[in-house]
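I opened a new page in my notebook for this one. Below is what I looked up, in the order I went through it.

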Amino acid sequence: MQFLLDTMCGGLVSYLRMCNYDTVYAGDRNLEADDDVIAAARADNRTIVTRDSELANRAADAILLTAHEVDEQLAQLHEAGVELELPLEPAVCGRCNGRLERIDPSESTPGYAPEPGVFESETSAAGRDDGSSRSSTGPTPVWRCQSCGQYFWRGSHWDRVSETLPGC
């Protein structure tokens with residue numbers, strides 16, 4: 001399933017991408033008019049996620065949300081049949097919607113990311129952890145976006161998102 005979120009649902013973008021959904025945000029494409037949103041969704045075969053009942057009624061495939069808060073919107077998506085679970089292998093960049101690739105453990109990473117060949121407990125001791133105190137039995141897997149170059153790993157942010165998702 002691929003989504004196009006209108007500007008009223010921008011808070012859901014990173015959550016859906018972290019669940020490996022190809023998710024476009026209308027605000028990133030300067031899509032404001034309903035006709036433009038509908039045309040873009042139709043061209044890319046996307047389901048529109050919106051709080052605008054008129055837009056939802058006009059679209060061929062839409063999920064209408066009524067909640068204002070992100071956690072309530074996530075619950076409504078879940079009730080609509082959208083599986084909201086964090087995958088073992090993330091595939092979609094939370095920043096730009098590009099494709100992620102797992103980096104080789106021998107590669108170095110920027111200072112904000114853990115070293116992929118280092119065990120998490122070693123990473124914490126080296127001060128390069130994201131604040132998580134979890135221990136691991138293997139090296140920290142790290143992914144890089146093929147489009148924007150951003151690095152991702154399952155750290156404390158991953159844990160917080162997991163706790164927020166109704167499907168987890």
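This is a predicted model: local features need pLDDT of at least 70, side-chain atom pairs count only at pLDDT 80 or more; totals for chains, interfaces and linings use all residues.

My entries go from the sheet to a helix, then to a loop residue, the cores and a hairpin.

Entry 1: I started with an open sheet of 4 strands, paired in parallel and ordered β2-β1-β3-β4. I found β2 (22-25) and β4 (62-64) at its edges; each has a single partner strand, so one side of each has no neighbour in the sheet. Neighbouring strands here are turned by 25 degrees against each other on average, ignoring direction. I then checked β1 and β3, which pair in the parallel sense over 3 bridges. Leu-4 is the residue opposite Ile-48 in β3.

**Entry 2: helix α2.** Next I asked which residues of helix α2 (residues 34-44) are buried. I got Val-37, Ile-38, Ala-40 and Ala-41. They sit on the same side of α2, because they cover an arc of only 165 degrees around the axis. On the face turned away from that buried side I noted the exposed residues Arg-42 and Ala-43.

What do the buried residues of α2 pack against? I listed β1 (2-5), β3 (47-50) and α3 (53-58).

**Entry 3: Arg-46.** I moved on to Arg-46, in the loop between α2 and β3. Is Arg-46 buried or exposed? It counts as buried, because its relative accessibility is 9% and the cut-off for buried is under 20%. I also saw its side chain reach the backbone oxygen of Phe-3 at 3.1 Å. Leaving aside neighbours within four places in sequence, the contacts of Arg-46 include Leu-4, Asp-22, Ala-41, Asp-61 and Asn-97.

Entry 4: A reminder to myself: in soluble globular proteins, nonpolar side chains tend to be buried together. Here the largest nonpolar core has 22 residues, and Leu-5, Leu-12, Leu-16, Leu-77 and Leu-84 touch the most other members. The elements giving it two or more residues are β1, α1, α4 (70-79) and α6. I noted that α1 gives this core its largest share, 4 residues.

Setting aside neighbours within four places in sequence, I found Leu-16 in contact with Phe-3, Leu-5, Tyr-21, Thr-23, Leu-77, Val-82 and Leu-84. Apart from this core lies another, of 11 residues, including Val-37, Ala-41, Leu-55 and Ala-59.

**Entry 5: helix α6.** I looked up the buried residues of helix α6 (residues 156-164) and wrote down Ser-156, Trp-158 and Val-161. Part of their cover comes from α1 (13-18).

**Entry 6: β6 and its partners.** Last, I turned to strand β6 (residues 142-145), which is covered on both faces. Val-142 and Arg-144 are buried on one side, Trp-143 and Cys-145 on the other. Strand β5 (residues 100-102) pairs with β6 in the antiparallel sense over 3 bridges, and strand β7 (residues 151-153) also pairs with β6 in the antiparallel sense over 3 bridges.

I followed Arg-144 across both pairings. Glu-101 stands opposite Arg-144, and in β7 the bridge partner of Arg-144 is Tyr-151. The hairpin of β6 and β7 has 5 residues between the strands, and Gly-149 there takes a positive phi near 85 degrees.

Technical notes
Residues are numbered from 1 along each chain as its sequence is written. Side-chain values use heavy atoms; hydrogens and water are left out. Buried means under 20% relative accessible area, exposed over 50%, partly exposed in between (1.4 Å probe, protein chains only). The arc is that of the directions from the helix axis to the C-beta atoms. Contact means heavy atoms within 4.5 Å. Two strands pair if DSSP finds at least two bridges between them. Axes are lines fitted to C-alpha atoms, for helices over the stretch in contact, and angles run from 0 to 180 degrees between N-to-C directions. A polar contact is a pair of N or O atoms within 3.5 Å; within protein, one must be able to donate a hydrogen and the other to accept it, and residues adjacent in sequence count only if both atoms are side-chain atoms. A nonpolar core is a set of buried Ala, Val, Leu, Ile, Met, Phe, Trp, Tyr and Cys residues joined through side-chain atoms within 4.5 Å.
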